Amino acid sequence: MNDRILVVDDEAGSREGLRRLLEAWGYEAETAGSGEEALDRIEDGRATAVITDLVMPGLSGLDLIRRLKADYPLPIIVLSGQGTIEQAVEAIKLGANDFLEKPVEPAKLKILLEKMDGARELLAENRRLRAELREKGSFGPLRGISEKMKQVFRQIEQVAPSTLSVLVTGESGTGKELVAQTLHELSPRRRNEFVALNCAAIPATLLESEIFGHERGAFTGALQRKIGCFEMANLGTLFLDEIAEMDENLQAKLLRVLQSKHFRRVGGTEVVESDVRVIAATNREPKKAIEEGRLREDLYYRLNVFAIELPPLRDRPEDIPLLARHFAEQAAVHGGAPIPPFDQSAMDAMMMHSWPGNVRELKNAIERATLLSGGSAIMPEHLPPEVAMAGLEQRTIAAAQPRANGNGNGAVDEQAIRVSIGSTIQDAEEGLIRSTLAHTGGNKTRAAKILGISVKTMHNKIKKYGL
Ligand SMILES: Nc1ncnc2c1ncn2[C@@H]1O[C@H](COP(=O)(O)OP(=O)(O)OP(=O)(O)O)[C@@H](O)[C@H]1O
Ligand SMILES: [Mg+2]
(Lines give C-alpha, C1' and ligand atoms only; values in the text may rest on other atoms or scores of the structure.)
(Ligands and ions follow the chains in the order given, each with its own letter.)
Protein backbone atom coordinates (compact mmCIF):
# COMPACT_ATOMS: atom_id res chain seq x y z
CA MET A 1 0.00 0.00 0.00
CA ASN A 2 1.31 3.41 -0.96
CA ASP A 3 1.56 6.21 1.52
CA ARG A 4 -1.30 8.59 0.88
CA ILE A 5 -1.34 11.73 2.95
CA LEU A 6 -4.35 13.93 3.47
CA VAL A 7 -3.45 17.61 3.92
CA VAL A 8 -6.11 19.65 5.71
CA ASP A 9 -5.79 23.45 5.64
CA ASP A 10 -8.19 26.28 4.93
CA GLU A 11 -5.44 28.31 3.22
CA ALA A 12 -5.22 27.13 -0.36
CA GLY A 13 -1.63 28.32 -0.80
CA SER A 14 -0.25 26.44 2.17
CA ARG A 15 -2.31 23.32 1.31
CA GLU A 16 -1.14 23.18 -2.29
CA GLY A 17 2.45 23.93 -1.33
CA LEU A 18 2.46 20.95 1.01
CA ARG A 19 0.82 18.73 -1.56
CA ARG A 20 3.52 19.51 -4.12
CA LEU A 21 6.23 18.92 -1.56
CA LEU A 22 4.80 15.55 -0.53
CA GLU A 23 4.42 14.47 -4.14
CA ALA A 24 7.98 15.49 -4.87
CA TRP A 25 9.02 13.13 -2.04
CA GLY A 26 7.11 10.30 -3.62
CA TYR A 27 4.01 10.29 -1.44
CA GLU A 28 0.52 10.38 -2.80
CA ALA A 29 -1.30 13.42 -1.49
CA GLU A 30 -4.83 14.71 -1.37
CA THR A 31 -6.14 17.91 0.13
CA ALA A 32 -9.17 19.15 2.03
CA GLY A 33 -10.08 22.78 2.70
CA SER A 34 -11.94 22.12 5.93
CA GLY A 35 -12.39 19.61 8.74
CA GLU A 36 -15.72 18.54 7.30
CA GLU A 37 -14.24 17.93 3.88
CA ALA A 38 -11.43 15.97 5.52
CA LEU A 39 -13.93 13.62 7.18
CA ASP A 40 -15.61 13.07 3.82
CA ARG A 41 -12.35 12.27 2.13
CA ILE A 42 -11.11 9.98 4.84
CA GLU A 43 -14.16 7.77 4.48
CA ASP A 44 -12.87 5.94 1.42
CA GLY A 45 -10.13 4.51 3.62
CA ARG A 46 -7.32 5.41 1.25
CA ALA A 47 -5.49 7.97 3.36
CA THR A 48 -2.72 6.50 5.48
CA ALA A 49 -1.80 9.67 7.40
CA VAL A 50 -3.12 13.17 8.01
CA ILE A 51 -1.43 16.56 8.24
CA THR A 52 -3.84 19.13 9.59
CA ASP A 53 -3.95 22.81 10.41
CA LEU A 54 -5.46 23.69 13.79
CA VAL A 55 -7.29 26.94 13.25
CA MET A 56 -9.95 26.52 10.62
CA PRO A 57 -13.47 27.81 10.27
CA GLY A 58 -16.12 25.18 11.02
CA LEU A 59 -14.77 21.94 12.44
CA SER A 60 -11.52 22.87 14.15
CA GLY A 61 -8.31 20.89 13.92
CA LEU A 62 -8.79 19.62 17.48
CA ASP A 63 -12.34 18.45 16.71
CA LEU A 64 -11.11 16.74 13.59
CA ILE A 65 -8.46 14.90 15.61
CA ARG A 66 -11.07 13.77 18.13
CA ARG A 67 -13.26 12.42 15.35
CA LEU A 68 -10.38 10.76 13.53
CA LYS A 69 -8.97 9.13 16.62
CA ALA A 70 -12.30 7.56 17.42
CA ASP A 71 -12.75 5.84 14.07
CA TYR A 72 -9.54 5.88 12.09
CA PRO A 73 -6.32 5.09 13.88
CA LEU A 74 -4.19 7.10 11.45
CA PRO A 75 -1.05 8.96 12.40
CA ILE A 76 -1.61 12.70 12.51
CA ILE A 77 0.80 15.62 12.25
CA VAL A 78 -0.49 18.96 13.41
CA LEU A 79 0.51 22.32 11.94
CA SER A 80 0.48 25.12 14.45
CA GLY A 81 0.55 28.78 13.49
CA GLN A 82 1.65 31.54 15.75
CA GLY A 83 -0.03 31.54 19.11
CA THR A 84 -1.47 28.07 18.84
CA ILE A 85 1.21 26.22 20.75
CA GLU A 86 -1.22 25.39 23.55
CA GLN A 87 -3.59 23.92 21.03
CA ALA A 88 -0.76 21.87 19.57
CA VAL A 89 -0.04 20.46 23.00
CA GLU A 90 -3.72 19.70 23.37
CA ALA A 91 -3.64 17.97 19.98
CA ILE A 92 -0.83 15.70 21.12
CA LYS A 93 -2.83 14.86 24.22
CA LEU A 94 -5.70 13.87 21.97
CA GLY A 95 -3.43 11.47 20.14
CA ALA A 96 -1.76 13.43 17.34
CA ASN A 97 1.71 12.08 16.75
CA ASP A 98 3.61 15.33 16.45
CA PHE A 99 3.37 18.98 15.58
CA LEU A 100 5.18 21.35 13.33
CA GLU A 101 5.25 25.13 13.44
CA LYS A 102 4.21 27.16 10.43
CA PRO A 103 5.78 28.05 8.11
CA VAL A 104 6.69 24.42 7.58
CA GLU A 105 10.36 23.62 7.32
CA PRO A 106 10.60 20.81 4.75
CA ALA A 107 13.50 19.04 6.47
CA LYS A 108 11.61 18.85 9.75
CA LEU A 109 8.48 17.60 8.05
CA LYS A 110 10.46 14.91 6.32
CA ILE A 111 11.85 13.64 9.59
CA LEU A 112 8.39 13.52 11.13
CA LEU A 113 6.97 11.65 8.17
CA GLU A 114 9.69 9.07 8.34
CA LYS A 115 9.14 8.63 12.04
CA MET A 116 5.46 8.20 11.43
CA ASP A 117 5.87 5.58 8.72
CA GLY A 118 6.76 2.88 11.18
CA ALA A 119 3.87 3.59 13.49
CA ARG A 120 1.33 3.84 10.71
CA GLU A 121 2.32 0.71 8.89
CA LEU A 122 2.30 -1.24 12.08
CA LEU A 123 -1.22 -0.12 12.84
CA ALA A 124 -2.48 -1.02 9.39
CA GLU A 125 -0.68 -4.34 9.45
CA ASN A 126 -1.98 -5.21 12.90
CA ARG A 127 -5.51 -4.51 11.84
CA ARG A 128 -5.17 -6.60 8.73
CA LEU A 129 -3.59 -9.43 10.67
CA ARG A 130 -6.15 -9.42 13.41
CA ALA A 131 -8.93 -9.62 10.84
CA GLU A 132 -7.23 -12.49 9.07
CA LEU A 133 -6.59 -14.22 12.36
CA ARG A 134 -10.24 -14.11 13.25
CA GLU A 135 -11.34 -15.45 9.94
CA LYS A 136 -9.24 -18.42 9.16
CA GLY A 137 -6.42 -19.07 11.55
CA SER A 138 -3.76 -17.24 9.64
CA PHE A 139 -1.25 -14.90 11.14
CA GLY A 140 1.27 -13.45 8.70
CA PRO A 141 2.96 -16.49 7.19
CA LEU A 142 1.86 -18.70 10.09
CA ARG A 143 -1.19 -20.92 10.04
CA GLY A 144 -2.99 -22.45 12.99
CA ILE A 145 -6.50 -22.73 14.31
CA SER A 146 -5.79 -24.55 17.57
CA GLU A 147 -6.09 -22.67 20.84
CA LYS A 148 -2.39 -23.35 21.44
CA MET A 149 -1.37 -21.61 18.22
CA LYS A 150 -3.81 -18.76 18.74
CA GLN A 151 -2.08 -18.16 22.03
CA VAL A 152 1.27 -18.09 20.22
CA PHE A 153 -0.15 -15.56 17.73
CA ARG A 154 -1.31 -13.35 20.57
CA GLN A 155 2.14 -13.50 22.15
CA ILE A 156 3.81 -12.55 18.88
CA GLU A 157 1.48 -9.64 18.38
CA GLN A 158 2.13 -8.46 21.90
CA VAL A 159 5.92 -8.57 21.85
CA ALA A 160 6.74 -7.85 18.20
CA PRO A 161 6.64 -4.02 18.34
CA SER A 162 9.08 -3.88 21.26
CA THR A 163 12.80 -4.50 21.27
CA LEU A 164 12.60 -7.16 23.97
CA SER A 165 14.67 -10.29 23.46
CA VAL A 166 12.59 -13.35 22.74
CA LEU A 167 13.46 -16.99 23.26
CA VAL A 168 11.56 -19.35 20.98
CA THR A 169 11.52 -22.99 22.01
CA GLY A 170 9.98 -26.07 20.48
CA GLU A 171 10.85 -29.35 18.83
CA SER A 172 12.54 -29.40 15.46
CA GLY A 173 10.23 -28.33 12.65
CA THR A 174 7.61 -26.63 14.83
CA GLY A 175 8.13 -23.23 13.16
CA LYS A 176 10.65 -21.42 15.38
CA GLU A 177 12.39 -19.65 12.53
CA LEU A 178 9.10 -18.63 10.96
CA VAL A 179 8.03 -17.18 14.30
CA ALA A 180 11.30 -15.21 14.50
CA GLN A 181 10.73 -13.84 10.99
CA THR A 182 7.17 -12.91 11.87
CA LEU A 183 8.36 -11.06 14.97
CA HIS A 184 10.72 -9.07 12.78
CA GLU A 185 8.09 -8.38 10.12
CA LEU A 186 5.65 -7.06 12.68
CA SER A 187 8.19 -4.81 14.34
CA PRO A 188 9.19 -1.27 13.41
CA ARG A 189 12.56 -2.80 12.48
CA ARG A 190 11.21 -4.64 9.48
CA ARG A 191 12.76 -2.20 7.03
CA ASN A 192 16.17 -3.20 8.31
CA GLU A 193 17.89 -6.53 8.17
CA PHE A 194 16.73 -9.83 9.59
CA VAL A 195 19.95 -11.78 9.98
CA ALA A 196 19.65 -15.47 10.84
CA LEU A 197 22.59 -17.42 12.18
CA ASN A 198 22.47 -21.12 12.93
CA CYS A 199 24.96 -21.61 15.76
CA ALA A 200 24.98 -25.38 15.25
CA ALA A 201 25.91 -25.16 11.58
CA ILE A 202 29.16 -23.22 12.03
CA PRO A 203 32.32 -24.65 13.56
CA ALA A 204 32.93 -23.22 17.04
CA THR A 205 36.21 -21.67 15.92
CA LEU A 206 34.51 -19.61 13.24
CA LEU A 207 31.36 -18.70 15.09
CA GLU A 208 32.82 -15.79 17.01
CA SER A 209 33.98 -14.04 13.85
CA GLU A 210 30.70 -14.90 12.18
CA ILE A 211 28.84 -13.09 14.95
CA PHE A 212 31.19 -10.21 15.70
CA GLY A 213 33.25 -9.99 12.52
CA HIS A 214 37.02 -9.83 12.35
CA GLU A 215 39.80 -7.50 11.32
CA ARG A 216 42.23 -8.23 8.56
CA GLY A 217 44.96 -10.54 9.84
CA ALA A 218 43.03 -11.49 12.98
CA PHE A 219 43.89 -15.11 12.29
CA THR A 220 45.37 -17.20 9.49
CA GLY A 221 43.15 -16.81 6.50
CA ALA A 222 41.60 -13.54 7.63
CA LEU A 223 42.63 -11.70 4.50
CA GLN A 224 40.17 -8.87 4.84
CA ARG A 225 38.04 -7.22 7.44
CA LYS A 226 34.74 -9.02 7.79
CA ILE A 227 31.55 -7.56 9.15
CA GLY A 228 29.74 -9.94 11.48
CA CYS A 229 26.05 -10.62 11.98
CA PHE A 230 25.81 -8.20 14.87
CA GLU A 231 26.82 -5.31 12.67
CA MET A 232 24.77 -6.48 9.71
CA ALA A 233 21.70 -6.57 11.89
CA ASN A 234 22.18 -3.02 13.16
CA LEU A 235 18.72 -1.47 13.72
CA GLY A 236 17.29 -4.82 12.66
CA THR A 237 16.87 -8.27 14.15
CA LEU A 238 19.46 -10.95 14.80
CA PHE A 239 18.11 -14.49 14.98
CA LEU A 240 20.43 -16.83 16.85
CA ASP A 241 19.21 -20.31 16.07
CA GLU A 242 20.27 -23.34 18.15
CA ILE A 243 21.65 -21.09 20.83
CA ALA A 244 22.38 -24.00 23.18
CA GLU A 245 24.94 -25.34 20.70
CA MET A 246 27.07 -22.23 21.10
CA ASP A 247 30.35 -22.60 22.93
CA GLU A 248 30.18 -21.57 26.58
CA ASN A 249 32.81 -18.83 26.35
CA LEU A 250 31.10 -17.34 23.37
CA GLN A 251 27.81 -17.42 25.27
CA ALA A 252 29.49 -15.37 27.97
CA LYS A 253 30.76 -12.88 25.42
CA LEU A 254 27.35 -12.67 23.81
CA LEU A 255 25.80 -11.87 27.16
CA ARG A 256 28.29 -9.06 27.75
CA VAL A 257 27.56 -7.59 24.34
CA LEU A 258 23.82 -7.80 24.86
CA GLN A 259 24.22 -5.84 28.04
CA SER A 260 26.69 -3.23 26.83
CA LYS A 261 25.53 -3.02 23.18
CA HIS A 262 29.09 -2.67 22.01
CA PHE A 263 31.91 -5.04 21.11
CA ARG A 264 35.15 -5.41 19.23
CA ARG A 265 35.63 -7.40 16.06
CA VAL A 266 37.89 -10.42 16.48
CA GLY A 267 41.47 -9.16 16.39
CA GLY A 268 40.31 -5.54 16.54
CA THR A 269 40.61 -2.67 19.00
CA GLU A 270 37.92 -0.38 17.69
CA VAL A 271 34.75 -0.40 19.74
CA VAL A 272 31.75 -1.07 17.52
CA GLU A 273 28.24 -0.18 18.56
CA SER A 274 25.22 -1.98 17.23
CA ASP A 275 21.57 -1.68 18.08
CA VAL A 276 20.24 -5.17 17.62
CA ARG A 277 17.10 -6.92 18.68
CA VAL A 278 17.95 -10.52 19.47
CA ILE A 279 15.66 -13.47 19.00
CA ALA A 280 17.11 -16.82 20.00
CA ALA A 281 15.80 -20.33 19.48
CA THR A 282 16.54 -23.80 20.68
CA ASN A 283 14.91 -27.16 20.17
CA ARG A 284 16.20 -28.27 23.55
CA GLU A 285 14.31 -27.91 26.74
CA PRO A 286 16.06 -24.79 28.15
CA LYS A 287 16.02 -25.86 31.80
CA LYS A 288 17.51 -29.20 30.86
CA ALA A 289 20.09 -27.57 28.60
CA ILE A 290 21.15 -25.43 31.58
CA GLU A 291 21.47 -28.50 33.82
CA GLU A 292 23.55 -30.24 31.19
CA GLY A 293 25.82 -27.21 30.98
CA ARG A 294 24.92 -26.46 27.37
CA LEU A 295 23.20 -23.16 28.01
CA ARG A 296 24.52 -20.55 30.43
CA GLU A 297 21.91 -19.69 32.96
CA ASP A 298 22.70 -15.95 32.92
CA LEU A 299 22.38 -15.84 29.14
CA TYR A 300 19.15 -17.77 29.37
CA TYR A 301 17.65 -15.20 31.72
CA ARG A 302 18.82 -12.38 29.48
CA LEU A 303 17.26 -13.97 26.38
CA ASN A 304 14.21 -15.36 28.03
CA VAL A 305 12.75 -11.93 28.79
CA PHE A 306 9.86 -13.12 26.71
CA ALA A 307 9.38 -16.81 25.95
CA ILE A 308 7.39 -18.34 23.13
CA GLU A 309 6.94 -22.08 23.24
CA LEU A 310 5.79 -23.83 20.10
CA PRO A 311 3.77 -26.98 20.76
CA PRO A 312 4.57 -30.13 18.76
CA LEU A 313 2.13 -30.85 15.94
CA ARG A 314 0.87 -34.04 17.59
CA ASP A 315 -0.50 -31.89 20.44
CA ARG A 316 -2.56 -29.77 18.05
CA PRO A 317 -4.02 -32.10 15.41
CA GLU A 318 -6.76 -29.54 14.66
CA ASP A 319 -4.09 -27.59 12.79
CA ILE A 320 -3.30 -30.46 10.41
CA PRO A 321 -6.10 -29.93 7.82
CA LEU A 322 -5.49 -26.20 7.71
CA LEU A 323 -1.72 -26.57 7.37
CA ALA A 324 -2.12 -29.36 4.80
CA ARG A 325 -4.36 -27.23 2.59
CA HIS A 326 -2.03 -24.28 3.02
CA PHE A 327 1.01 -26.27 1.90
CA ALA A 328 -0.90 -27.92 -0.96
CA GLU A 329 -1.93 -24.49 -2.15
CA GLN A 330 1.61 -23.17 -1.89
CA ALA A 331 3.05 -26.16 -3.71
CA ALA A 332 0.40 -26.04 -6.44
CA VAL A 333 0.79 -22.33 -7.02
CA HIS A 334 4.55 -22.74 -7.05
CA GLY A 335 4.34 -25.55 -9.59
CA GLY A 336 1.70 -23.73 -11.66
CA ALA A 337 -0.75 -26.61 -11.07
CA PRO A 338 -4.35 -26.68 -9.84
CA ILE A 339 -4.80 -27.00 -6.08
CA PRO A 340 -5.59 -30.63 -5.30
CA PRO A 341 -8.36 -31.52 -2.85
CA PHE A 342 -7.71 -34.11 -0.14
CA ASP A 343 -9.48 -37.43 -0.20
CA GLN A 344 -10.95 -38.15 3.23
CA SER A 345 -8.84 -41.30 3.59
CA ALA A 346 -5.67 -39.23 3.08
CA MET A 347 -6.82 -36.67 5.63
CA ASP A 348 -7.64 -39.48 8.08
CA ALA A 349 -4.16 -40.94 7.66
CA MET A 350 -2.61 -37.52 8.29
CA MET A 351 -4.71 -37.03 11.39
CA MET A 352 -3.50 -40.36 12.74
CA HIS A 353 0.18 -39.92 12.06
CA SER A 354 2.26 -38.60 14.96
CA TRP A 355 4.49 -36.26 12.89
CA PRO A 356 7.79 -36.58 14.75
CA GLY A 357 9.24 -34.02 12.30
CA ASN A 358 6.35 -31.67 13.08
CA VAL A 359 5.24 -29.01 10.58
CA ARG A 360 8.34 -29.44 8.43
CA GLU A 361 7.54 -33.14 7.96
CA LEU A 362 3.96 -32.27 7.07
CA LYS A 363 5.10 -29.63 4.61
CA ASN A 364 7.49 -32.03 2.87
CA ALA A 365 4.84 -34.73 2.73
CA ILE A 366 2.30 -32.39 1.16
CA GLU A 367 4.74 -30.97 -1.36
CA ARG A 368 5.50 -34.46 -2.55
CA ALA A 369 1.84 -35.51 -2.53
CA THR A 370 0.82 -32.45 -4.52
CA LEU A 371 3.37 -33.34 -7.14
CA LEU A 372 2.41 -37.02 -7.26
CA SER A 373 -1.32 -36.44 -7.40
CA GLY A 374 -0.89 -34.31 -10.49
CA GLY A 375 -3.82 -32.06 -9.64
CA SER A 376 -6.33 -34.81 -8.79
CA ALA A 377 -7.34 -35.61 -5.21
CA ILE A 378 -4.53 -36.46 -2.81
CA MET A 379 -4.88 -40.12 -1.79
CA PRO A 380 -3.05 -42.05 0.94
CA GLU A 381 -0.74 -43.53 -1.67
CA HIS A 382 0.55 -40.05 -2.46
CA LEU A 383 1.67 -39.64 1.11
CA PRO A 384 4.95 -40.97 2.49
CA PRO A 385 4.56 -44.66 3.45
CA GLU A 386 4.79 -44.03 7.18
CA VAL A 387 1.95 -41.54 6.96
CA ALA A 388 -0.18 -43.69 4.68
CA MET A 389 0.52 -46.59 7.05
CA ALA A 390 -0.84 -44.64 9.99
CA GLY A 391 -4.19 -44.67 8.23
CA LEU A 392 -3.83 -48.16 6.84
CA GLU A 393 -2.90 -49.66 10.18
CA GLN A 394 -5.82 -47.98 11.75
CA ARG A 395 -8.17 -49.29 9.11
CA THR A 396 -6.64 -52.74 9.18
CA ILE A 397 -6.82 -52.86 12.95
CA ALA A 398 -10.42 -51.74 12.85
CA ALA A 399 -11.31 -54.29 10.19
CA ALA A 400 -9.34 -57.07 11.80
CA GLN A 401 -10.75 -56.77 15.29
CA PRO A 402 -10.72 -59.15 17.02
CA ARG A 403 -8.42 -61.02 14.64
CA ALA A 404 -5.54 -62.50 16.62
CA ASN A 405 -1.97 -62.85 15.46
CA GLY A 406 -1.95 -66.57 15.96
CA ASN A 407 0.03 -66.45 19.17
CA GLY A 408 -3.16 -66.88 21.06
CA ASN A 409 -2.62 -63.68 23.00
CA GLY A 410 -5.30 -61.77 21.13
CA ALA A 411 -2.94 -58.99 19.99
CA VAL A 412 -3.39 -57.61 16.53
CA ASP A 413 -0.67 -58.54 14.11
CA GLU A 414 0.50 -55.18 12.78
CA GLN A 415 2.82 -56.87 10.32
CA ALA A 416 -0.12 -58.38 8.47
CA ILE A 417 -1.86 -56.85 5.53
CA ARG A 418 -5.45 -57.66 4.91
CA VAL A 419 -6.74 -58.59 1.49
CA SER A 420 -10.49 -58.88 1.14
CA ILE A 421 -12.28 -61.24 -1.19
CA GLY A 422 -13.13 -59.21 -4.24
CA SER A 423 -9.70 -57.56 -4.42
CA THR A 424 -7.75 -57.95 -7.61
CA ILE A 425 -4.25 -59.37 -7.71
CA GLN A 426 -3.11 -55.86 -8.56
CA ASP A 427 -4.80 -54.45 -5.46
CA ALA A 428 -3.07 -57.06 -3.35
CA GLU A 429 0.28 -56.40 -4.96
CA GLU A 430 -0.04 -52.69 -4.50
CA GLY A 431 -0.97 -53.08 -0.84
CA LEU A 432 1.88 -55.48 -0.24
CA ILE A 433 4.43 -53.20 -1.86
CA ARG A 434 3.18 -50.15 -0.03
CA SER A 435 3.25 -51.89 3.35
CA THR A 436 6.68 -53.32 2.76
CA LEU A 437 8.00 -49.90 1.76
CA ALA A 438 6.48 -48.46 4.89
CA HIS A 439 8.14 -51.21 6.89
CA THR A 440 11.54 -50.35 5.43
CA GLY A 441 10.96 -46.63 5.91
CA GLY A 442 10.89 -46.10 2.16
CA ASN A 443 14.10 -48.03 1.46
CA LYS A 444 13.38 -49.54 -1.96
CA THR A 445 16.36 -51.87 -2.08
CA ARG A 446 15.45 -53.51 1.21
CA ALA A 447 11.81 -53.70 0.24
CA ALA A 448 12.72 -55.36 -3.05
CA LYS A 449 14.85 -57.90 -1.18
CA ILE A 450 12.04 -58.75 1.23
CA LEU A 451 9.60 -59.21 -1.64
CA GLY A 452 12.09 -61.24 -3.66
CA ILE A 453 12.02 -58.98 -6.71
CA SER A 454 14.73 -56.98 -8.43
CA VAL A 455 15.27 -53.32 -7.60
CA LYS A 456 14.40 -52.51 -11.20
CA THR A 457 11.07 -54.31 -10.93
CA MET A 458 10.49 -52.49 -7.67
CA HIS A 459 11.02 -49.14 -9.35
CA ASN A 460 8.64 -50.10 -12.14
CA LYS A 461 5.96 -51.13 -9.65
CA ILE A 462 6.40 -47.95 -7.64
CA LYS A 463 5.92 -45.99 -10.81
CA LYS A 464 2.97 -48.08 -11.90
CA TYR A 465 1.12 -47.66 -8.63
CA GLY A 466 2.25 -44.11 -8.08
CA LEU A 467 3.74 -44.95 -4.67
N1 LIG B 1 2.40 -22.58 11.81
C2 LIG B 1 2.96 -22.67 10.61
N3 LIG B 1 2.33 -22.22 9.53
C4 LIG B 1 2.87 -22.31 8.30
N5 LIG B 1 4.08 -22.84 8.05
C6 LIG B 1 4.78 -23.30 9.08
C7 LIG B 1 4.26 -23.23 10.42
N8 LIG B 1 5.18 -23.78 11.25
C9 LIG B 1 6.20 -24.16 10.48
N10 LIG B 1 5.98 -23.88 9.18
C11 LIG B 1 6.89 -24.23 8.05
O12 LIG B 1 7.49 -25.46 8.40
C13 LIG B 1 8.88 -25.47 8.08
C14 LIG B 1 9.69 -25.64 9.34
O15 LIG B 1 9.60 -24.49 10.15
P16 LIG B 1 10.88 -23.81 10.83
O17 LIG B 1 12.07 -23.92 9.94
O18 LIG B 1 10.47 -22.46 11.26
O19 LIG B 1 11.03 -24.80 12.06
P20 LIG B 1 12.09 -24.79 13.25
O21 LIG B 1 11.32 -24.91 14.49
O22 LIG B 1 13.00 -23.62 13.08
O23 LIG B 1 12.87 -26.16 13.01
P24 LIG B 1 14.39 -26.58 13.43
O25 LIG B 1 14.43 -26.65 14.90
O26 LIG B 1 14.53 -27.91 12.79
O27 LIG B 1 15.28 -25.53 12.86
C28 LIG B 1 9.15 -24.17 7.39
O29 LIG B 1 9.05 -24.38 6.00
C30 LIG B 1 8.04 -23.27 7.87
O31 LIG B 1 7.77 -22.29 6.91
MG1 LIG C 1 15.06 -23.62 12.67
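This is a predicted model: local features need pLDDT of at least 70, side-chain atom pairs count only at pLDDT 80 or more; totals for chains, interfaces and linings use all residues.

Reply: One open sheet has 5 strands in the order β9-β10-β13-β8-β14, and their pairing is parallel.

Me: What makes β9 and β14 edge strands?

Reply: Each has a single partner strand, so one side of β9 (194–198) and one side of β14 (306–309) are left without a neighbour in the sheet. From one strand to the next, the twist averages 20°.

Me: How do you know that β10 and β13 pair?

Reply: Pairing needs at least two bridges between two strands. Strand β10 (residues 237–241) and strand β13 (residues 277–282) have 4 bridges, in the parallel sense. Therefore they count as paired. One place to look is Leu 240, which stands opposite Ala 280 in β13.

Me: What holds strands of a sheet together in general?

Reply: They pair through backbone hydrogen bonds, either parallel or antiparallel.

Me: What is the order of the strands in the other open sheet?

Reply: That sheet of 5 strands runs β2-β1-β3-β4-β5, with parallel pairing. Its edge strands are β2 (28–32) and β5 (98–101), because each pairs on one side only. The twist there averages 20° from one strand to the next.

Me: Why are β4 and β5 called a pair?

Reply: The cut-off is at least two bridges. Strand β4 (residues 76–80) and β5 have 4, in the parallel sense. In β5, Leu 100 is the bridge partner of Leu 79.

Me: Now the ligand. Which residues come nearest to ligand 1?

Reply: Of the 18 residues around ligand 1, the nearest are Arg 143, Ser 172, Gly 173, Lys 176 and Arg 360.

Me: What makes the approach of Ser 172 to ligand 1 a polar contact?

Reply: The term asks for a pair of N or O atoms within 3.5 Å. A polar side-chain atom of Ser 172 lies 2.6 Å from an oxygen atom of ligand 1. That meets the cut-off, so it is a polar contact. The side chain of Lys 176 has an N or O atom 2.7 Å from an oxygen atom of ligand 1. For Leu 178, a backbone N or O atom lies 3.1 Å from an oxygen atom of ligand 1. Taken alone, ligand 1 exposes 630 Å², and the protein buries 87% of that.

Me: How do you know that ligand 1 lies between domain 2 and domain 3?

Reply: Both domain 2 (139–309) and domain 3 (317–465) give residues to the shell around ligand 1, so the ligand lies between them. At least two residues of the shell come from each of β7 (142–143), α7 (176–185), α13 (319–335) and α15 (358–373). The shell divides into 7 nonpolar, 5 polar and 6 charged residues.

Me: What makes the backbone at Pro 103 and at Trp 355 worth a look?

Reply: Most residues other than glycine have a negative phi, and most peptide bonds are trans. The peptide bond from Lys 102 to Pro 103 is cis, with omega near -5°. Pro 103 lies in the loop between β5 and α5 (106–136). Trp 355 is not a glycine, yet its phi is positive, about 50°. Trp 355 lies in the loop between α14 (344–352) and α15.

Methods
Residues are numbered from 1 along each chain as its sequence is written. Chains are lettered from A and ligands numbered from 1 in the order in which they are written. Side-chain values use heavy atoms; hydrogens and water are left out. Axes are lines fitted to C-alpha atoms, for helices over the stretch in contact, and angles run from 0 to 180 degrees between N-to-C directions. A residue is near a molecule or strand if one of its heavy atoms lies within 4 Å of it. A polar contact is a pair of N or O atoms within 3.5 Å; within protein, one must be able to donate a hydrogen and the other to accept it, and residues adjacent in sequence count only if both atoms are side-chain atoms. Accessible areas come from the Shrake-Rupley method with a 1.4 Å probe; for residues, only the protein chains shown count as cover. Ala, Val, Leu, Ile, Met, Phe, Trp, Tyr, Cys and Pro count as nonpolar, Asp, Glu, Lys and Arg as charged, and the others, Gly among them, as polar. Domain bounds come from an automatic or database domain assignment.
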